[in-house]
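Good morning, colleagues. Please look at the sequence and the structure on the screen, and I shall then take you through them.

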Amino acid sequence: MSKTKKIWLGVLSFSPLVVTTLFIGIVLLFYVKIIFGAIDGSLAYSDGREFIFFAVFLVIFGLLMNISIYLTLIIFIICIVKNKRIGDTAKILYLVGMYFLYTIVPIVYFFIEIIGKKEETASNE
């Protein structure tokens with residue numbers, strides 16, 4: 001595998017974790033603003049434009065987040081299935097892990113199978 005492909009797979013492996021963390025942070029900021037606004041009385045909306053804008057922003061960001069995560073998972077699933085150096089049991093474990101732990105398993109797969117291959121092939125020669 002070329003160095004460019006490895007770099008892109010590395011970026012893709014961390015993208016679900018980064019995007020999910022950003023989304024959770026934005027949602028928490030939204031809830032904190034609502035809670036503290038209700039406590040100190042500054043949450044007096046005349047027409048609710050700010051609330052609607054933020055809710056629409058969360059929905060659009062959530063949709064974009066899901067699209068990017070699913071594209072990353074599809075790419076990694078293809079890489080796992082096509083990888084002939086991995087046994088069938090490991091493939092099944094990676095695929096099940098991708099389904100349940102979609103933020104962590106791409107990172108584990110990248111470090112074990114993509115980065116680890118270089119050391120393995122160097123030791124065989």
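Leaving aside its neighbours within four places in sequence, with which residues is Phe 76 in contact? They are Leu 9, Leu 12, Ser 13, Met 98, Pro 106 and Tyr 109, where contact means heavy atoms within 4.5 Å.

Two remarks on the source. This is a predicted model, in which local features need pLDDT of at least 70 and side-chain atom pairs count only at pLDDT 80 or more, while totals for chains, interfaces and linings use all residues. Residues are numbered from 1 along each chain as its sequence is written, and side-chain values use heavy atoms, with hydrogens and water left out.

Let me turn to the overall layout. The chain has 4 helices and 0 strands; helices are DSSP runs of H or I of at least four residues, strands are runs of E of at least two, and both are numbered from the N terminus. Of the 125 residues, 27% are buried, that is, under 20% relative accessible area with a 1.4 Å probe, protein chains only. Among contacts between residues at least 6 apart in sequence, 71% join residues at least 24 apart.

Helix 1 comes next. Its 38 residues should span 56 Å at 1.5 Å a residue, and its end C-alpha atoms are 54 Å apart, which agrees; the expected span is 1.5 Å times one less than the number of residues. Helix 1 bends by about 35° at Ser 15, with Pro 16 following within four residues. The bend is the angle between axes fitted to the seven residues ending there and the seven starting there. After helix 1 comes Gly 41, whose phi is positive, near 85°.

Which residues have the most contacts inside the largest nonpolar core? They are Leu 9, Phe 76, Ile 80, Tyr 94, Met 98, Tyr 109 and Ile 114, in a core of 14 residues. Such a core is a set of buried Ala, Val, Leu, Ile, Met, Phe, Trp, Tyr and Cys residues joined through side-chain atoms within 4.5 Å. Helix 1 (3-40), helix 2 (49-82), helix 3 (88-100) and helix 4 (105-124) each give two or more residues to this core, and the largest share, 5 residues, comes from helix 2. In soluble globular proteins, nonpolar side chains tend to be buried together.

Conventions
Buried means under 20% relative accessible area, exposed over 50%, partly exposed in between (1.4 Å probe, protein chains only).
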